Amino acid sequence: MTAPTARTASSRRAHPAPRPANAGGPTLPRAVAAEWTRLKSLRSSWWAAALTVVVSAVLTHLSAQASSVDPGFDPLGSLTSGLLLAQVPPLVLGVLVGTGEYSTGTFRTTFVAEPRRWPVLVGQTAATAGFALLTAVAAVGAAVLALLPSARSRGLALDLGRDGTPQVLVGMALLLAGMALLGLALGALVRRPVPALTAAVLVVLVLPVALVLAADLSGDPLAAPAGVSSAQAAVNTVVTFLPTGAASLLTGEGAVEGAPDLGAVGGGLVLATWVLVPLALAAVRLRTRDVV
């Protein structure tokens with residue numbers, strides 16, 4: 001009786017029972033959890049979050065303090081004054097997340113563990129969106145708190161529920177989160193930190209200013225203003241479809257003269273398009289080309 005028993009035990013050791021499909025293989029939830037853990041473990045993530053909150057608060061406070069001497073001072077008029085620079089840290093964070101696997105060479109291990117590749121990109125997108133949204137909410141809250149000293153100095157109360165203000169608050173949070181996703185999309189597509197960051201800064205900060213300056217230089221500075229010129233209207237239209245134009249629409253500033261007024265929803269769609277197009281291209285490249 002002992003010989004068959006020994007053979008049976010040896011057979012079981014040579015041919016182990018198959019592991020259940022859900023015992024530990026790569027899945028989309030696990031990819032999201034892994035990217036979230038990695039994002040939280042990076043010091044650069046927390047530095048970017050802290051800078052976003054601090055820049056938003058400091059610039060909003062300085063703008064409100066400078067405007068508080070005006071007779072018709074409205075504290076909420078300075079609410080979005082810190083956004084121009086506060087959007088830079090999330091943009092940089094997104095680029096670092098999108099290029100991190102390639103700049104460190106860990107993509108080899110990652111894609112061996114997950115041969116399908118696309119769940120990694122989805123996990124990065126979901127983790128970045130969650131982290132950036134939490135940061136954005138904190139930055140918006142810091143901007144609101146930064147208005148209180150100036151408002152109290154004039155005996156004014158902040159009415160965050162008045163017409164248009166909730167939309168501005170939500171738009172600010174969506175804009176900051178969208179900038180992080182835009183940086184991620186460009187980073188995942190380009191795969192190199194410096195070119196990706198250069199492209200992001202050019203699209204978000206440099207191109208709108210360059211277009212406006214070019215339109216101003218093309219006109220006659222001595223001519224009397226007579227409405228919006230065709231060149232200026234064309235430039236304003238192009239800027240509306242850039243991330244900067246989407247930011248103005250999302251935060252309630254409205255469309256500039258001569259450009260289509262897409263509203264807040266249209267601004268959100270413009271920003272979403274800037275995120276989704278490079279993300280889709282990055283997914284196609286990840287799926288169809290070698291990872292180098």
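The side chain of Thr52 reaches the backbone oxygen of Ala48 at 2.7 Å, a polar contact in the sense of a pair of N or O atoms within 3.5 Å, where within protein one must be able to donate a hydrogen and the other to accept it, and where residues adjacent in sequence count only if both atoms are side-chain atoms. This is a predicted model, in which local features need pLDDT of at least 70 and side-chain atom pairs count only at pLDDT 80 or more, while totals for chains, interfaces and linings use all residues. Residues are numbered from 1 along each chain as its sequence is written, and side-chain values use heavy atoms, with hydrogens and water left out.

Thr52 belongs to helix 3 (residues 43-67); helices here are DSSP runs of H or I with at least four residues, numbered from the N terminus. With a relative accessible area of 1%, Thr52 is buried, a word that stands for under 20% relative accessible area, whereas exposed means over 50% and partly exposed lies in between (1.4 Å probe, protein chains only). Leaving aside residues up to four places away in sequence, Thr52 touches Ala86, Pro89, Pro90, Thr135, Ala139 and Leu176, contact meaning heavy atoms within 4.5 Å.

Arg191 is found in the loop between helix 8 (165-190) and helix 9 (193-218). Although Arg191 is not a glycine, its phi is positive, at about 70°, and at 1% relative accessibility Arg191 counts as buried.

In helix 10 (residues 230-240), the buried residues are Gln232, Ala233, Val235, Asn236, Val239 and Thr240. Because they cover an arc of only 165° around the axis, they are on the same side of helix 10; the arc is that of the directions from the helix axis to the C-beta atoms.

The whole structure contains two salt bridges, each defined by a side-chain nitrogen of Lys or Arg within 4 Å of a carboxyl oxygen of Asp or Glu.

| Salt bridge | Closest N and O atoms |
|---|---|
| Glu35 and Arg38 | 2.9 Å |
| Asp74 and Arg162 | 2.6 Å |

Asp74 is partly exposed at 31% relative accessibility, and Arg162 is partly exposed with a relative accessible area of 34%. Glu35 and Arg38, by contrast, both lie in helix 2 (residues 28-41), three residues apart, about one turn of the helix; Glu35 counts as buried at 7% relative accessibility, while Arg38 counts as partly exposed at 26%.

Terms used: Helices (H or I, at least four residues) and strands (E, at least two) are DSSP runs, numbered from the N terminus.
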